Amino acid sequence: MGDIEQIFAGSGKSIFIAAEIGINHNGRVERAKKLIESAKECGADAVKFQVFRTESFYNKAISPEGHKVFRTYELSYDEFAGLKEFCDDAGILFFATPLDMESLEFLHKIGSKVVKVASSDLTTEPMLDRIRELGIPAILSTGFAGVDQIARAVELTDPKKTALLYCVSKYPAEKNDFDLNFIPKLKKKFGLPVGFSDHSLDIYFSLAAAALGASIIERHFTLDNEWEGADHAISLNPRKFTEMVKALRDIESALGPGEKKITDFEKKIRDLSMRDTYARRSIAKGEKISKDDIALLRPGSGVSMKDYLSLIGKTADKDIAENEKI
């Protein structure tokens, strides 16, 4: 299981897998609880919500439709406090994206171990500054942002309490939208834990990101892709999420320290699999051995060029039977 505190400390050996519930609860607490229970069963380490007061982050006059959508899905602070307790009892980490300053303060008040900063808030510097003041570890999503903007955001946060998520803010994101090779570059440039917020429709890109060094994988999560709502169609259902978790755990088991090791099984069959020098025909004592007399056959322990060339033109000092080791 992934541990977010170990990820920030740089000692995490397991990928931290977050089920992004976001607003897929559709404004209903009981649905949120069912999503939490299902995410836990699927193997998620954490569930993430979006906590907000619609009036504090959406301009109703400019975007009345967007305001209406979020207002419909808004849960109260008391409801979120209850959901955190529900997560604590279920043994799964609760965290959230605060979409306004008041909600950030609320998450700090209820003891959230980490917050996620949405890509759209990577340039909201007063929020980043307040996160640093509060001392809350933060996962910064980097959709929309260029490298200079990412660097500025990192500058404003505590490097010991910051992780980055490679992200393409498109729903759904498609293969040509990604450059997963940016993940190790992002990790190297900033020296921070790096993950992947994947908005594609399948699990392959998440698996590739893990192989490239992503230590956090975040995926939108739903119980039913057919449900009405903004994000259900681009979310992973329980079957897909479980499949992804299993594959990610297999990948992390296969990722070692970057050293070439010889397994016990390989050691056992090595001498049956490599080759040695054998006589292609019967060679009498006193005959010179030619190249054509030498067969390179299994089993053996390997044939060096030095040993191979030393046999060519050598006089046999005894009779050598066909298929006998020379």
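Asn-24 sits in the loop between β1 (16-22) and α2. The model is predicted. In this model Asn-24 is buried, with a relative accessible area of 1%.

- Beyond its neighbours within four places in sequence, Asn-24 contacts Arg-31, Leu-35, Phe-221, Thr-222, Asp-231, His-232 and Ser-235.
- Arg-31, one of these contacts of Asn-24, also places its charged end over the ring of Trp-227, 3.7 Å from the ring centre.
- Gln-6 belongs to helix α1 (residues 4-9).
- Gln-6 is partly exposed, at a relative accessible area of 37%.
- With neighbours within four places in sequence set aside, Gln-6 is in contact with Ser-11 and Gly-12.
- Phe-16 is 10 residues from Gln-6 in sequence, and their C-alpha atoms are 9.5 Å apart.

**Aromatic pairs**

- The structure contains 14 aromatic pairs.
- Phe-49 and Phe-80 make an edge-to-face pair, with 5.7 Å between centres and 70° between planes.
- Phe-49 is in strand β2 (residues 46-51) and Phe-80 is in helix α5 (residues 77-90), so this pair ties together parts that are 31 residues apart in sequence.
- Phe-49 and Phe-80 are both buried.
- Tyr-166 and Phe-196 form a stacked pair, 5.8 Å centre to centre and 20° between the planes.
- Tyr-166 belongs to strand β6 (residues 162-167) and Phe-196 to strand β7 (residues 194-198), so the pair ties together parts that are 30 residues apart in sequence.
- Tyr-166 and Phe-196 are both buried.
- A cluster linked by ring pairs contains Tyr-166, Phe-178, Phe-182, Phe-196 and Phe-205.

**Charge over a ring**

- Arg-53 lies over the face of Tyr-77, 4.1 Å from the ring centre.
- The charged end of Arg-31 is placed over Trp-227.

**Nonpolar cores**

- In soluble globular proteins, nonpolar side chains tend to be buried together.
- The largest nonpolar core here has 64 residues.
- Val-47, Phe-49, Leu-83, Leu-164, Phe-196, Phe-241 and Met-244 touch the most other members of that core.
- Helix α2 (residues 29-42) gives the most to this core, contributing six residues.
- Leu-164 touches Leu-140, Thr-142, Ile-150, Val-154, Leu-186, Phe-190, Leu-192, Pro-193, Val-194 and Gly-195, leaving out residues up to four places away in sequence.
- A second, separate core has 13 residues, including Ile-7, Ala-18, Val-114 and Leu-165.

**Strands β4 and β5**

- Strand β4 (residues 115-117) pairs with β5 in the parallel sense, over three bridges.
- Val-117 stands opposite Leu-140 of β5.
- Leu-140 is also one of the residues that Leu-164 touches.
- In a regular strand the side chains alternate between the two faces of the sheet.
- In strand β5 (residues 138-141), Ala-138 and Leu-140 point one way, while Ile-139 and Ser-141 point the other way.
- These four residues of β5, Ala-138, Ile-139, Leu-140 and Ser-141, are all buried.

Notes:
Residues numbered from 1 in each chain as written. Predicted model: local features only at pLDDT ≥ 70, side-chain atom pairs only at ≥ 80, totals over all residues. Heavy atoms only, no water. Phe/Tyr/Trp six-rings, centres within 6.5 Å; stacked < 30°, edge-to-face > 60°. Helix = DSSP H or I, 4+ residues; strand = E, 2+ residues; numbered from the N terminus. Buried < 20%, exposed > 50% of the residue type's maximum accessible area, 1.4 Å probe, protein only. Lys NZ or Arg CZ within 6 Å of the ring centre and 35° of its normal. Core = buried A, V, L, I, M, F, W, Y, C linked by side-chain atoms within 4.5 Å. Contact = heavy atoms within 4.5 Å. Pairing = 2+ DSSP bridges.
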